[in-house]
Amino acid sequence: MSIQRKKHEMPLLPRESRICSFDEVALGYSEEIAIAEADRCLNCVNQPCVRSCPVNIAIPDFISKIKQRDFKGAYDIISENSLLPAICGRVCPQETQCEGSCTLGIKFEPVAIGRLERFVADCNINSADKINRIESKNKKIAVVGSGPAGLACAGTLAKKGYEVTVFEALHRPGGVLTYGIPEFRLPKYIVEREIETLKKYGVNFVTNTVIGKTITVDELFEDGFKAVFLGTGAGLPRFMNISGENLNGVYSANEFLTRVNLMKAYEENSNTPVLRAKRVAVIGGGNVAMDAARTALRLGAESVKIIYRRSMEELPARKEEVEHAKEEGIEFDVLRNPVEIIPSDTDKEFVGGIKLIKCELGEPDERGRRRPIELPDSEYIIEVDSVIIAIGTTPNPLIRSTSSDIKFNMRGGIIINDNGETTKSDVYAGGDAVTGAATVILAMSAGKEAALSIDEKLSK
């Protein structure tokens, strides 16, 4: 039997429709395309894809169910290890995880595991209606933060019979899934649907509650919670500390995307609008930078440039997101580093340009990435109306300032042991609050592992 060398293409919204709307770009596999892609799976005995999945989904097993047109069976297999398959199928970096280890990928393109996961999840949109809840253990657990780590922790514990309450600082649950990832990449009805599934397992969501301000960790224990999981994420943006960062029109990507995704800044009468700039520079090369650039384009920008200090080969963003950005007309100015944001000639309080310096790549740094070296006397200015800074985030500092028993590392991350427990007894943590900004699936894995540790301790 001959095997198709390349994975089946994902149907996409046409470019001309994309750049003027927030509709989802990737349209998903049809049933026939999904079955044809599933047929490419070799069903390896050693299953390297499973070992490379942070939550250990039985990948060949669910793909075999797709081949048999048993999409419900495929969903049940995925759901044993993942509570958010529709989300993970859309935003996880499969190319560096499960697909990166696919045996077929040694000679040909790997199986499109992420696209098949998304297909299965979308086929089973109403599966949560048939959930059977188990008998309650009558033990309350508090989960702080409703991002991927918090949701995974909450779902895992709820399925074991715990009474779980998730506390969210914002007015809508979902964390970075809601405020960070744009609609065109992750429609919000998908996030809402996954959260509704958790509610059917008995998870209670309390919004507009800032742990450390509205209520402290100690007060949660006084209210009868037996354990607390901190999944507060990494919501504190980093800046470049260069002249001009305080000008109007300069945003952190975190603020920019939150205003658009959560507060609907794209609406004409939004209470939290953003500047409708015509010329935008986005600083950074990760997925967040791609999201910010593509969002600015949809808000009416005529020119959007990604400014990145390394080369295209070093871009940390997913290959798919870079390809979509290029297709939509985003320009890439690589081997460039900002040195100053220039005020406008007509209004000194607003952005008028950005000064860049050219770079070349030197020797690798401690992480193995080649260092960008600035070239003397190579500065030049480009005219822009807005600058969006997407160079990373660090963990939220609020817990640190209000919980002296919980220790933190030099980078602001919560210190945990091998079981996910912090230096305060019965307080656990995971996800970006521990590691700094990472991926959705790694945060989910941390939340799930912490939940298992909580269950083990409380079951003694």
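Two strands count as paired if DSSP finds at least two bridges between them. Helices (H or I, at least four residues) and strands (E, at least two) are DSSP runs, numbered from the N terminus. This is a predicted model, where local features need pLDDT of at least 70 and side-chain atom pairs count only at pLDDT 80 or more, while totals for chains, interfaces and linings use all residues. Residues are numbered from 1 along each chain as its sequence is written, and side-chain values use heavy atoms, with hydrogens and water left out.

With those terms in hand, look for the open sheet: five strands make it up, in the order 6-14-7-8-9, with parallel pairing. At its edges lie strand 6 (250-252) and strand 9 (331-334), each of which pairs on one side only. On average, neighbouring strands of this sheet are turned by 20 degrees against each other, direction ignored; here axes are lines fitted to C-alpha atoms (for helices over the stretch in contact), and angles run from 0 to 180 degrees between N-to-C directions.

## A closer look at strand 8

Which strand do five bridges join to strand 7? The partner is strand 8 (residues 303-308), which runs parallel to strand 7 (residues 279-283). Two pairs to find on screen are arginine 279 with its bridge partner serine 303 in strand 8, and alanine 281 with its bridge partner lysine 305.

Strand 8 is mostly covered, with six of its six residues buried. Buried means under 20% relative accessible area, exposed means over 50%, and partly exposed is in between (1.4 Å probe, protein chains only). Both faces of strand 8 are covered: Ser303, Lys305 and Ile307 are buried on one side, and Val304, Ile306 and Tyr308 on the other.

## The second largest pocket

Rolling a probe the size of a water molecule over the atoms shows where empty space is left. A pocket is found on a 1 Å grid over the protein atoms alone, as an open set of points where a 1.4 Å probe fits, with protein on both sides within 12 Å along at least five of seven lines; its lining residues have an atom within 4 Å of a point. The second largest pocket has a volume of about 640 Å³, where grid points are joined across faces, edges and corners and the volume is the space filled by probe spheres set on the points.

This pocket is lined by 29 residues, and Lys7, Arg115, Arg318, Glu320 and Glu323 lie nearest its centre. Helix 14 provides the largest share of the lining, six residues. The helices that each supply at least two residues include helix 6 (85-91) and helix 7 (113-123). By class, the lining has seven nonpolar, four polar and 18 charged residues. Ala, Val, Leu, Ile, Met, Phe, Trp, Tyr, Cys and Pro count as nonpolar, Asp, Glu, Lys and Arg as charged, and the others, Gly among them, as polar.

## Two loop residues with positive phi

Most residues other than glycine have a negative phi. Asparagine 43, though not a glycine, has a positive phi of about 50 degrees. You will find asparagine 43 in the loop between helix 2 (31-38) and helix 3 (48-51). Arginine 69 also has a positive phi, near 60 degrees, and sits in the loop between helix 4 (59-67) and helix 5 (71-79).
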